Amino acid sequence: MSLSSISSSSDEGEGEWLDMEPDEESVTVTSLFDAQTFPSAAAMLANCKEKHEFDLIAVIRRHQLDFHGAVKLVNFVRHTVKEQRSLPADIKPQDFEDDRFLHPVLENDALLFSLDEILESDEGDSDGGVAIDNGAMKALSARTKEIEAELEAVRNQFANYRLAVEQTLDRRWGDDTAPETSGMPSTKKNTHDYYFESYAEHDIHETMLKDKVRTDAYRDFIYGNKDLFKDKVVLDIGCGTGILSMFCAKAGAARVIAVDKSDIITKARENIFHNGLSDVITCLRGAIEDVTLPVDKVDVIVSEWMGYCLLYEAMLPSVLYARDKYLKSDGILAPSSATMWIAPLADPEYISDHITYWRDVYGFDMKAMQEGIYEDVRVQTMPQSSICGKPYPFRVLDLRTVKAEDLVFTASWRSELNRQVDRVDGYLLWFDNFFDVSPTDPVPDAETTPESWKPKHPGNVAFTTGPFGTETHWRQGLLLTSPDDVKESPSPSCQIEGDITFAVLQENVRALTISASWTLAGQEKKSQVWKLK
């Protein structure tokens, strides 16, 4: 169509357009307290204030609620009225913090569609229609300025404090090269920051979810014991993507509280919402030591807290904190116990591929690349054939009774070689996990493996991360020992005795220092230290 024809058509129809009245969509707003309807949100709110003595705008203003907070408040009120309960005399944010209040109680609730307009109107009207005398306004303004000044002072004090702490740590760790910041806070992150940030990445959760040994164990325990979860309150610590929380909700839990400090909690909320479980699962962001649970006690604690060599990442103390503060005396912990194992290892092929390899790389000696090669714990999946002696269970953790201080320990161990080897190349560490439905039954004996366990209850579950089972994402911890000058190879049936120590790595509380000493029959005592960081 040409421009002239558009102009002509517009001129001819101008009179008709001017005579037309715009269509106005009628709005019907239902009262918060009964079935009465109103032509506008303002009329409905005025009626609530006059007839029911409830001022929605005042509550929104008092708690400085944003749009989502206002939505939760409206749905909380409607939900409470629907259940024929009385509203609290003084409604507080924690009354409606649950994400389930994001779901409309009333289908096509016109009040919710009007909230933006109400909030904007409230922002434009400083007193919200409530008369405030000039003296009160001046006093409020003065107090606001005082609070702002106090807040700024606190910020400055915190910045100076953080700077002092970081400079102290720099000196302690030998990092004196950091430039002076003239009183400005450093942007350096601590190990806790990096730890939680790492769990915001999707790859790590994909790896864990695809670990069928791990995920199936939790699923089988939860689904296989629905009587333990039905109508119960469950706490999921370090919930990640929310998978364990959703298992518990599907098993019939009345309420699940999912806690995680990482940004992954945002994805957990979305996953839970998309699976229609927001009315059961409440997501809280923060460390379990810092958040306030909406309940005093829980019936079950589930958590996938295990790290490499079991105790890497130091998440277990948080679970123990929650156990002591929130778990009922007859409550269930999943898992309920763990056993740590050590075994001597001889694998000449692995040593050739990863250690002596550097002495002849395309004809060049690159022994410089071997620096520190025996100082770190290697996380590897080792073949069963590499084990050259009887495994020994050096530590059993009963999660119902163990204390945080028990996680730094020294334990004795012993083994016996079961085949001829040229030398013992190192030691392999792994752990087994047990899920017991009984809070009072004794934990499995130290020598018990998941394969040999004969539990009293059919719903009990266990799995291993060792070389004799299916590979898991934990793999095993390999402690390679430095070569020695001993010429005589140890014989089969040779006895090995020693001790092993687990401690916190000084520069990273979530990492480990593992030290061991051992004696092979007829040889001098040896010792070595490894770091897992």
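Phe-364 counts as exposed because its relative accessibility is 55% (exposed is over 50%, buried under 20%, partly exposed in between, with a 1.4 Å probe and protein chains only). Bear in mind that this is a predicted model, where local features need pLDDT of at least 70 and side-chain atom pairs count only at pLDDT 80 or more, while totals for chains, interfaces and linings use all residues. Numbering runs from 1 along each chain as its sequence is written, and side-chain values use heavy atoms, leaving out hydrogens and water.

**Around Phe-364**
- Phe-364 sits in the loop between helix H16 (348–354) and strand S9 (378–380) (DSSP runs numbered from the N terminus: helices are H or I with at least four residues, strands E with at least two).

**The parallel sheet**
- Five strands make an open, parallel sheet, ordered S5-S4-S3-S6-S7 (strands pair if DSSP finds at least two bridges between them).
- S5 (281–285) and S7 (327–334) are the edge strands with a single partner each, so one side of each has no neighbour in the sheet.
- S3 (233–237) and S4 (255–260) pair over five parallel bridges, and Asp-236 has Ala-258 in S4 as its bridge partner.

**The S16/S17 hairpin**
- S16 (508–520) and S17 pair antiparallel over seven bridges, with Ile-514 opposite Trp-530 in S17.
- Five residues separate the two strands of this hairpin, and Gly-522 takes a positive phi near 85°.
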